[in-house]
Amino acid sequence: NNLNFYWNMNKPSLEWNLSVYQGEIEAGLCQVWGIPPHVEDLPTAPEWATVEWVGVSPDFRKHGIGRRLLTEQMRFHGRRGVKQMLLWNRSNNRAASRLYKSVGFVNGLELAVLEKESP
């Protein structure tokens with residue numbers, strides 16, 4: 001179970017990707033973005049980051065990879081001064097909800113979305 005973690009950081013774009021591989025196979029990815037430029041003038045903007053994506057390939061799920069990716073991102077951004085992280089999740093994605101709650105995220109505001117069904 002030899003996993004290798006790789007950072008791909010684009011600091012000017014405020015994007016930090018952490019990938020995990022087993023050999024040549026990508027097992028998972030966690031993307032975090034900084035606060036967008038249109039609100040960067042807010043005094044507390046550097047204290048915030050957004051988890052844009054946490055995904056683990058089906059063959060690698062239930063082995064703690066999502067938790068490891070997310071906690072490594074949280075640790076890294078905490079060292080750079082981030083005090084608050086936010087993310088979006090569908091209410092019916094119970095596995096993701098359990099993961100986020102287990103690392104300290106709490107439910108905030110809810111947003112109702114009307115989705116158009118595909119023809």
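Analyst: A helix here is a DSSP run of H or I with at least four residues and a strand is a run of E with at least two, both numbered from the N terminus, and on that basis Arg90 is placed in the loop between β5 and α2. The structure is a predicted model, in which local features need pLDDT of at least 70 and side-chain atom pairs count only at pLDDT 80 or more, while totals for chains, interfaces and linings use all residues. Residues are numbered from 1 along each chain as its sequence is written, and side-chain values use heavy atoms, with hydrogens and water left out.

User: Why is Arg90 called exposed?

Analyst: Arg90 has a relative accessible area of 53%, and because exposed means over 50%, buried under 20% and partly exposed in between (1.4 Å probe, protein chains only), Arg90 falls in the exposed class. Leaving aside neighbours within four places in sequence, Arg90 is in contact (heavy atoms within 4.5 Å) with Ser97 and Glu115. Arg90 and Arg79 are 11 residues apart in sequence, yet their C-alpha atoms are 29 Å apart in space.

User: Why are Thr50 and Asn17 both counted as buried?

Analyst: Thr50, in strand β4, has 8% relative accessibility and therefore counts as buried. Asn17 belongs to strand β2, and its relative accessible area of 16% is likewise a buried value. Beyond the neighbours within four places in sequence, Thr50 touches Gln31, Val32, Trp33, Ile35 and Leu86, whereas the corresponding contacts of Asn17 are Tyr6, Trp7, Asn8, Leu29, Cys30, Gln31 and Gln73.

User: What makes a group of residues the largest nonpolar core here, and which have the most contacts inside it?

Analyst: The term covers buried Ala, Val, Leu, Ile, Met, Phe, Trp, Tyr and Cys residues joined through side-chain atoms within 4.5 Å, and the largest such set has 21 residues, with Val51, Leu70, Tyr100 and Phe105 having the most contacts inside it. Two or more residues each come from β2 (15–22), β3 (25–34), β4 (48–56), α1 (65–79), β5 (84–87) and α2 (94–102), and β4 provides the largest share, four residues. Leu70 illustrates how these parts meet: apart from neighbours within four places in sequence, Leu70 is in contact with Cys30, Val51, Val54, Leu99, Tyr100, Val103 and Phe105. In soluble globular proteins, nonpolar side chains tend to be buried together.

User: How do you know that the buried residues of α2 lie on the same side?

Analyst: Those residues are Ala96, Leu99 and Tyr100. They cover an arc of only 95 degrees around the axis, which puts them on the same side of α2; the arc is that of the directions from the helix axis to the C-beta atoms. Their packing partners are β4, α1 and β5, while the face turned away from the buried side carries the exposed residues Arg94, Arg98 and Lys101. After α2 comes Gly104, with a positive phi near 110 degrees.

User: What is the volume of the largest pocket, and which residues are closest to its centre?

Analyst: The largest pocket has a volume of about 1,000 Å³. Of its 20 lining residues, Leu87, Trp88, Asn89, Asn107 and Leu109 are the closest to the centre, and β5 and α2 are the elements that give two or more residues to the lining. A pocket is an open set of points on a 1 Å grid over the protein atoms alone, where a 1.4 Å probe fits and protein lies on both sides within 12 Å along at least five of seven lines; lining residues have an atom within 4 Å of a point. The volume is the space filled by probe spheres set on the points, which are joined across faces, edges and corners.
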